[in-house]
Amino acid sequence: MANEDFDELARDMATQAGFLYGFVNLFLEEQTFVGLHQPPADSGFVIVGRTMSRDHGWCPEVMARRKALPLHDVHASPRFSGNAVVDAVGIRSYFGAPLIHDSGTVLGTVCVIDPEKRPLAEARRLRDIVINASAQVMDHIVRAPVR
């Protein structure tokens, strides 16, 4: 299910944000990372797979609220600090935006995560990066030829 174009978008989004991980995430039976950027295998950081339970992480919240979720420090909010991803990967910051089709259906999310918290002053810039990436992904999906 991996897609080279989406991997590139995930890498560009993570690079622009200065984050270790970037995802283009479709909500299928599981969260499916059709686009993935992460540190090299020998980096000492956690290496993630291409799927995750539909109820882990913060992307389910982004899907439900249908708008971007900027968490410059996940521990700053009791609502978002208790999370399987925080414990498994050691994440401190998350910025995600929904992938909303013209029909109104939320297909998934794009997000970046990192073990370092970010200054609150950077939150708007980081939120804008994921919102712009979301638009790029949707443009790519809409333009893709049907096979």
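1. Helices (H or I, at least four residues) and strands (E, at least two) are DSSP runs, numbered from the N terminus. By this rule, Ser-81 belongs to helix H3, which covers residues 78-81. Contact means heavy atoms within 4.5 Å. Apart from neighbours within four places in sequence, Ser-81 is in contact with Val-74, His-75 and Val-86. The C-alpha atoms of Ser-81 and Asp-55 are separated by 15 Å, and the two residues are 26 residues apart along the chain.

2. Some remarks on the source are needed. The model is predicted: local features need pLDDT of at least 70, side-chain atom pairs count only at pLDDT 80 or more, and totals for chains, interfaces and linings use all residues. Residues are numbered from 1 along each chain as its sequence is written, and side-chain values use heavy atoms, with hydrogens and water left out.

3. Thr-109 is placed in strand S6, residues 106-114. Buried means under 20% relative accessible area, exposed over 50%, and partly exposed in between (1.4 Å probe, protein chains only). Thr-109 counts as buried because its relative accessibility is 0%. When neighbours within four places in sequence are left aside, the contacts of Thr-109 include Phe-23, Val-24, Cys-59, Met-63 and Leu-99.

4. How many salt bridges does the structure hold? A salt bridge is a side-chain nitrogen of Lys or Arg within 4 Å of a carboxyl oxygen of Asp or Glu. The structure holds seven of them. One joins Arg-50 and Asp-7, with the closest N and O atoms 2.9 Å apart. This pair links distant parts of the chain, 43 residues apart: Arg-50 is in the loop between strand S2 (31-37) and strand S3 (51-52), whereas Asp-7 is in helix H1. Arg-50 is partly exposed, because its relative accessible area is 29%.

5. A salt bridge also connects Asp-139 with Arg-143, whose closest N and O atoms are 3.0 Å apart. Both residues lie in helix H5 (residues 123-143), four residues apart, or about one turn of the helix. Are Asp-139 and Arg-143 exposed or partly exposed? Asp-139 has 40% relative accessibility and therefore counts as partly exposed; Arg-143 has 57% and therefore counts as exposed.

6. Arg-118 and Asp-114 form a salt bridge through their side chains (3.1 Å, N to O), and both residues are buried. Gly-18 touches these two residues, not counting residues up to four places away in sequence. Gly-18 itself is in the loop between H1 and strand S1 (21-27). It counts as partly exposed because its relative accessibility is 46%.

7. Glu-4, Asp-5, Glu-8 and Asp-12 form a negative surface patch. Patches are made of residues with over 30% relative accessible area and no salt bridge; like charges are joined within 9 Å, and nonpolar side chains (Val, Leu, Ile, Met, Phe, Trp, Tyr) within 5 Å. Asp-12 lies in helix H1, residues 4-17. With 33% relative accessibility, Asp-12 counts as partly exposed.

8. The backbone of one residue deserves attention. Most residues other than glycine have a negative phi. Arg-66, however, has a positive phi, near 60°. Arg-66 lies in the loop between helix H2 (59-65) and strand S4 (69-71), and it counts as partly exposed because its relative accessibility is 40%.

Note on methods. Areas by Shrake-Rupley, 256 points an atom, 1.4 Å probe, with all protein chains shown as cover. Lys, Arg positive; Asp, Glu negative; His and termini not counted. Charge placed at Lys NZ, Arg CZ, Asp CG, Glu CD.
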